[in-house]
Amino acid sequence: MAIARVALDCPVYSLFDYRLTGQEIQKGHLVVVPFRKRRTVGLVFDVVEHSHIETARLLYIESILPVEPLPETTLALIEFSSEYYQCPIGLASFATLPATVKRVRYAPPKQQWQYVLTRAGLELTPEQFPARATLQRRLRQSFLANRMLRAADLLALSSGGLRLTETWIKKGWIEKHPDNTVSIPELSLKDQPALTDEQHAAVVKISATLGSFSPWLLEGVTGSGKTEVYFRLIEEVAHRGLQTLLLVPEINLTPQLEERFRQRFPGLTLVGLHSDLGQAERCANWLAARAGEAKVVIGTRLAIFTPLPKLGLIIVDEEHDGSFKQQEGLRYSARDLAIFCARQRQVPVVLGSATPSLETYQNARSGRFGYLRLSRRPVAATPGVRLVDTRGMPKGHKFSEQVIKQLGACLVRGEQSLVFLNRRGFAPALVCGACGWNAQCGRCSARLVWHMTDAGLHCHYCGNQQHLPRACPSCGNQDLKGLGEGTQRLERWLGELYPRAHILRIDRDSTRRKRAWQEMQADIRTQRVDILVGTQMLAKGHDFPRLTLVVIVNPDAALFTADFRASEKLFQQLMQVSGRAGRANLPGEVFVQTQFPEHPLYQALMRQDYRSYAEDLLNERKLAGFPPFVYQALLRAESHSESALMSFLGHAARPPTVNQSVTLFDPVPAAIAKIAGKHRGQLLAQSFARAELQRFLSEWRLHLTANKASRVRWSIDVDPIEL
Ligand code: ADP
Ligand code: ZN
Ligand code: ZN
């Protein structure tokens, strides 16, 4: 008798057995089954003859969802992730599927449309619309900025957006096409640039490995033309009728990037897979990828699980980026899984970055990965980086004389500058000068941050918000002071220094509204913005052609934190920010205001020398016995009860069997010891051998599960990137 072994969306480490009623069930089918008095969707991992459960007690599979079964390779990937990352198979399976196909009532999606301006539409001017026709004007603006919109975008613009678009179709200003098939009118389809020697070498070497497993590091300074290399490879892969999966960091997947690809490949079906998409659209794109129709899939980390029957190449852009690591549930690294997939499917994988992670760099220098470099920019010059010693600066001054002069000169030239500070809010602390009181969050072990925009105190950990106190709650002193600076304070200072400049602040607060950041990016490119002030949101991949000056304000704090990865991350971030300067035909300059100009990190930044700093860091890591020379897993636990937490971690620290090749450290409080009223602690396990650590973890998990510490929530983070 046939039995289907099914993964269900619940935290159980095993599969569930169900009987078939003559259905043609295969591995990879999504099925509807009865489970705990309700109906739920399951994923079939196996079809077998016997169950160790009595036949009479087995329930029947109800129906099969109308989705092509997932291919074996995808099932194998899910199984591997579930085991490697110590996550129950059902949770792992369902973490990887688009929401829509997980529904009992799943029905294949309706036709989706894409809307684009026609040539006539492109020639519309704002003057053609009466001043009060704001929707018409906004619609035109939005089409010009985004080139292509979908129904959801139009509805997001206004409830009448879709209706108005339909009338514009009748006027011949807009065309609609079935989704995924559109070619955008060739607005500025540039000729392909002739490759530089380094680009050419990279393309030739990687192309030669198509059809076999081959991991590559493509290290190229920002603006060195990595994307151009990707283009050529994608072309080659598409030419062979195969698919390319391009993974990008969360924040980089902008309509601009998609547009750059669409312009380059007007004939190719390209789909995006990321969290900004509506569920229906995401599902439709996933189906197009699964069917092999989409030749290019651009997605964020989750896209690594997309079934791609004709996979020919995987590219991970900005491979060092932390957003490739999922931080909850199935805590996978999409970059590491990309390597797994590439081996499994026998295709090359290209990891691209200006500042590769030390893990990847070590793999390249030890010869496990092929190592390709793009050492210079084909068009713009590498930006000059200068260090400004702030130790001698008069108290209260935030910018050095030199920086003020440069910002002024940049304004006069009509170019853009970027002032980078990775701290949002007005001031990171509110203190009383009389008694030393400072505003703390009542629920977290963290200070409250003073925000100017709503005159409130915000907790950046639990989201708690309070009014600004009129006086010190401890001594009554009315003169409370904001200590330090956040982006809002910089914005204000800059406004006072340059009253006529257009200043735009970009951080999580100013971009909270959906699509706000996308609209702002369009503004930065097309409108007059003189000075950008912002956090790391501005650091990544964006290409602002008029931006020539970057000022980095006091990034020193990260040099002195407990996390051994802090300097690696800071260096990556500052290299990225520096790379924003002078992208087009205007030369760029970078000023770093620091109290430690002699620090090797800043010295390497000044020389734009990734390799020498990476070598320094690797030596340190080797001596200290840190990754990539050891493998780590972190047990994280939290509880409202501190004693329950401690006793759980105490139990965890005493596994029944000792593995000689695994070191188990003492339990310690997390970096933020309390968040939202929950105490947090952790315990680090470490080994020189990945396989030994894996063996230990699967036993350890049983040991942890056996301890029915009901008031403690815990999880194991394998290859954690934050301690
Ligand atoms: P990266 O992805 O490494 O940051 P890009 O691929 O975005 O760099 O390239 C930066 C700029 O240089 C782009 O405007 C791109 O069109 C241009 N570019 C890339 N390769 C060449 C080349 N071989 N010749 C001329 N321009 C190029
Ligand atoms: Zn006080
Ligand atoms: Zn809090």
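In this predicted model, a backbone N or O atom of Gly 225 sits 3.0 Å from an oxygen atom of ligand 1, which falls within the cut-off for a polar contact (a pair of N or O atoms within 3.5 Å; within protein, one must be able to donate a hydrogen and the other to accept it, and residues adjacent in sequence count only if both atoms are side-chain atoms). Thr 227 uses its side chain instead, with a polar atom 2.6 Å from an oxygen atom of ligand 1. For Glu 228, a polar backbone atom is 3.5 Å from an oxygen atom of the ligand. On its own, ligand 1 exposes 560 Å², and the protein buries 81% of that (Shrake-Rupley areas with a 1.4 Å probe; for residues, only the protein chains shown count as cover).

Residues are numbered from 1 along each chain as its sequence is written, while chains are lettered from A and ligands numbered from 1 in the order in which they are written. Local features need pLDDT of at least 70 and side-chain atom pairs pLDDT 80 or more, whereas totals for chains, interfaces and linings use all residues; side-chain values use heavy atoms, with hydrogens and water left out.

Around ligand 1 there are 17 residues, and the closest are Ala 194, Gln 199, Gly 223, Lys 226 and Thr 227 (a residue is near if one of its heavy atoms lies within 4 Å). Helix H8, residues 226-239, gives the most to this shell, with 3 residues (helices are DSSP runs of H or I, at least four residues; strands are E runs of at least two; both are numbered from the N terminus).

Then there are the zinc ions. Ligand 3 is held by the SG atoms of Cys 441, Cys 444, Cys 459 and Cys 462, at 2.3 Å (donors are N, O and S atoms within 2.8 Å of the metal, or 3.2 Å for Na, K and Ca). Its site is tetrahedral because the 4 donor atoms subtend angles of 106 to 112 degrees (for four donors, all angles must lie between 85 and 135 degrees). The donor spacing reads C-x2-C-x14-C-x2-C. Cys 444 is buried at 4% relative accessible area, and Cys 459 is buried too, at 3% (buried means under 20%).

Cys 432, in strand E18, and Cys 472, in the loop between E21 and E22, are 40 residues apart; both are buried.

Methods. Tetrahedral: all angles 85-135°; square planar, octahedral: opposite > 155°, others 65-115°. Buried < 20%, exposed > 50% of the residue type's maximum accessible area, 1.4 Å probe, protein only.
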